[in-house]
Amino acid sequence: MIREAVPSDLEAVASLAARLWPAHAPEDLKPEIAELIAARDAAIFLLFDDDGSPTGFAQCQLRRDYVEGTGTSPVGYLEGIYVDETQRRRGCGRALLAACERWAAGCGCTEFASDCELDNDESLAFHLSAGFSEANRVICFAKRLARP
């Protein structure tokens, strides 16, 4: 079963999100997740196993800035997706993605986009198998400036 997250799902979403983004503790993620659950231009969908336990989530939102490979605005954007290893290779990720796409279409979007790190081969394979086309590859640079 998949449904949109509500405020009472905060603990479950934060726990799953910390698995996707392990550099962050669930407690650190809660404020942002709470904002996303309440936002009109974002949605989080939860996946539940047969026992009713949350085993995956997808976070999407509307982007109004330029989105690589698109020509419209707003664009639905998959910000993150995670499915517990025990539930993978069963179509759960695609079902979460489909929920995000339906939400974006309901918001008036005609395009949907996403990204992944250059070395995340598993994510790349998921995106390509789900019908995404690669739009670009980017390596970003930054450096600190000396204070005057």
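This passage walks through the predicted model of one protein, from its overall build to a few single residues. The model is a predicted one, in which local features need pLDDT of at least 70 and side-chain atom pairs count only at pLDDT 80 or more, while totals for chains, interfaces and linings use all residues. Residues are numbered from 1 along each chain as its sequence is written, and side-chain values use heavy atoms, with hydrogens and water left out.

Read from the N terminus on, the elements follow the order β-α-α-β-β-β-α-β-α. Along the principal axes, the C-alpha atoms fill a box of roughly 55 × 35 × 30 Å. The radius of gyration, taken over C-alpha atoms, is compared here with a globule rule of 2.2 Å times the number of residues to the power 0.38. For 148 residues, a compact globule would have a value near 15 Å, and the 16 Å of the protein agrees with this. Buried residues (under 20% relative accessible area, with exposed over 50% and partly exposed in between; 1.4 Å probe, protein chains only) make up 37% of the 148. Contact means heavy atoms within 4.5 Å; of the contacts with a separation of 6 or more, 53% link residues 24 or more positions apart.

The five strands come together in an open sheet with mixed pairing, in the order β1-β2-β3-β4-β5; two strands pair if DSSP finds at least two bridges between them. Strands β1 (2-4) and β5 (112-114) stand at the edges with a single partner strand each, so one side of each has no neighbour in the sheet. On average, neighbouring strands are turned by 30° against each other, direction ignored. Such angles use axes that are lines fitted to C-alpha atoms, for helices over the stretch in contact, and run from 0 to 180 degrees between N-to-C directions. Within the sheet, β2 (residues 42-48) and β3 (residues 54-63) run antiparallel and are joined by seven bridges.

Helix α4 (residues 121-129) has its own buried residues, namely Ser 123, Phe 126 and His 127. These cover an arc of only 95° around the axis, which puts them on the same side of α4; the arc is that of the directions from the helix axis to the C-beta atoms. The buried residues of α4 pack against β4, α3 (92-106) and β5. After α4 comes Gly 131, with a positive phi near 100°.

Two single residues complete the picture. Ala 5 lies in the loop between β1 and α1 and is buried, with a relative accessible area of 7%. Beyond its neighbours within four places in sequence, Ala 5 is in contact with Val 13, Ile 37, Ile 44, Phe 45 and Leu 46. Thr 55, in strand β3, is buried with a relative accessible area of 8%. Not counting residues up to four places away in sequence, Thr 55 touches several residues, including Leu 16, Leu 47, Tyr 82 and Gln 87.

Key: Helices (H or I, at least four residues) and strands (E, at least two) are DSSP runs, numbered from the N terminus.
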